[in-house]
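Good morning, everyone, and thank you for making time for this. Please have a look at the structure on the screen while I take you through it, beginning with a record and ending with a single side chain.

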Amino acid sequence: MSKNQLTTAGGQPVSSNQHSVTAGKRGPVLIQDTHLIEKLAHFNRERIPERVVHAKGAGAYGVFRLTKDLSDYTIAKVFQKVGKETPLFLRFSTVAGEKGSADTERDPRGFAVKFYTEDGIWDVVGNNTPVFFERDPLKFPDFIHSQKRDPITGYKNPVRMWDYWSQAPEAMHQITILFSDRGIPDGYRFMNGYGSHTFSFWNQKSERFWVKFHFKSKQGIKNLTPEKAGELAGSDPDYATRDLFESIHKKDFPKWRVCVQIMPEKDADNYKVNPFDLTKIWSHKDYPLIEVGELELNRNPKNYFFEVEQAAFSPSNLVPGIGVSPDKMLQGRLFAYPDAQRYRLGGNYQLIPVNRSLSPTKNYQMDGYRSEENPSYDNYEPNGFSGPIEDEQLAEPPLRISGDADRYNSHKENDDFSQAGDLYRMLKPEEKERLTSVIAGTMKGIPKDLVKKNVEHFTKCDPEYGKKIAEKAGL
């Protein structure tokens, strides 16, 4: 057999890849053509389930360089010793669009970073916005359904979107960002990223701090006008994906400043907003940004499916020194994200190279779909054969939790409007005009009573905000 011989997946030489086996010159095709059957069967299985959200994405490898030691706050090795470099993979995405959708849709952008640390994988799975539409994971499927295609007609319908938001005032802060100029970034390089949730640090003294992660673009912020975005959606729907790949290919490596906000654990009891509410930000005056390093993307993937499509992120991927918080949305995502990856990629998805820890993994998980060669020890613990054991010194300090188990109304005594109003008042006059015009434009054709309900929310954020939308929407 020659070195370049075409074979089946089983390694058998293929005599013809041009003509099927048929009974006679005019057919029919015979099922005994096993090469044909294997080729068609594998083609049918080339696709894995599409992500329900964040389906369209682009990614690249890079490095995080630490410029400020954070050992006073955390034992996480990624934040120890100035000059330390940690390899990473970053996947950008749109959120609501399908895999074939345009990169230039008005939509939040996913910003998910996988750090390959000495203590295993640490994932920061956020967006290009510091807040989100929801604060309770129970509402996430409803919210996403309202943004997706109408299950009856198969097309997107703004009535569904504004009908949902008319009864979800907690979304006002994120809505204001989404419909502002920042709602359509000019590619992935010219936008910020955020961990969005509140996480925790703990140090050698078992002191806990609450923390938020920020990634500030060193390329600056650039956005597309709705007109330009619409033009690109038709002429170059992969605009952001192409821009990222080509810039790295030309060695124009994009970079972000990595910053944190840190809050002592006890401050959370008396802070002016619930610091675990994903619809709220922490004031930078109260908790200033602390720059801790630089993130650089400098290597393109060699195979999109293998490395980008199969990249699997979860906020449950944490390392010693970094923990979760009472953030309700975060708690829901701790389950939902790895559950989605097991559905898409199988129970051993963390063995796929892009998801695999660069540090050794030792556990008792064996067999199953995508399993590899099992370790040379038995699969139970405790045991008498010196298998891997736990290290109690890495235990997170205890977190005090109190309260009655109940379903609490998160709208009650919660201010859903002030921070959205603050953001509106920070905008320049021309930015306010564009924001209110875009919002009013998406309301065209929806029932007037629905416009009125939503305008009431905008008015609570700022009377001028509501008035401008009402006028432009024809109320």
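The UniProt entry, which is unreviewed, carries the annotation "domain: Catalase core" for residues 7-389. Please keep in mind that what you see is a predicted model.

How does the radius of gyration agree with that of a compact globule? For 475 residues such a globule would have a radius of gyration near 23 Å, and because the protein chain has 25 Å, the two agree. Buried residues make up 48% of the 475 residues, and, if we take the contacts with a separation of 6 or more, 71% of them are between residues 24 or more positions apart. The accessible surface comes to about 25,200 Å², and 52% of that belongs to carbon and sulfur atoms.

Now I would like to look at one strand, E3, which spans residues 109-117 and has 9 of its 9 residues buried. In a regular strand the side chains alternate between the two faces of the sheet. In E3, Arg109, Phe111, Val113, Phe115 and Thr117 point one way, whereas Gly110, Ala112, Lys114 and Tyr116 point the other way, and all of these are buried.

Which strands pair with E3? Strand E2, residues 85-94, pairs with E3 in the antiparallel sense over 7 bridges, and here Leu88 has Phe115 as its bridge partner. Strand E4, residues 120-127, also runs antiparallel to E3 and is joined to it by 8 bridges, with Val124 as the bridge partner of Val113.

Finally, let us move to His197, which sits in the loop between strand E5 (193-194) and strand E6 (199-202). Is His197 buried or exposed? Its relative accessible area is 1%, and since buried means under 20%, His197 counts as buried. Leaving aside residues up to four places away in sequence, His197 touches Val211, Lys212, Leu278, Asp327, Met329, Leu330 and Arg333. With Arg333 there is also a polar contact of 2.7 Å between the two side chains.

Definitions and conventions
Residues are numbered from 1 along each chain as its sequence is written. This is a predicted model: local features need pLDDT of at least 70, side-chain atom pairs count only at pLDDT 80 or more; totals for chains, interfaces and linings use all residues. Side-chain values use heavy atoms; hydrogens and water are left out. Buried means under 20% relative accessible area, exposed over 50%, partly exposed in between (1.4 Å probe, protein chains only). Helices (H or I, at least four residues) and strands (E, at least two) are DSSP runs, numbered from the N terminus. Two strands pair if DSSP finds at least two bridges between them. A polar contact is a pair of N or O atoms within 3.5 Å; within protein, one must be able to donate a hydrogen and the other to accept it, and residues adjacent in sequence count only if both atoms are side-chain atoms. Contact means heavy atoms within 4.5 Å. UniProt positions are given in the numbering used here, feature names are shortened, and annotations may be inferred rather than shown by experiment. The radius of gyration is taken over C-alpha atoms; the globule rule is 2.2 Å times the number of residues to the power 0.38. Accessible areas come from the Shrake-Rupley method with a 1.4 Å probe; for residues, only the protein chains shown count as cover.
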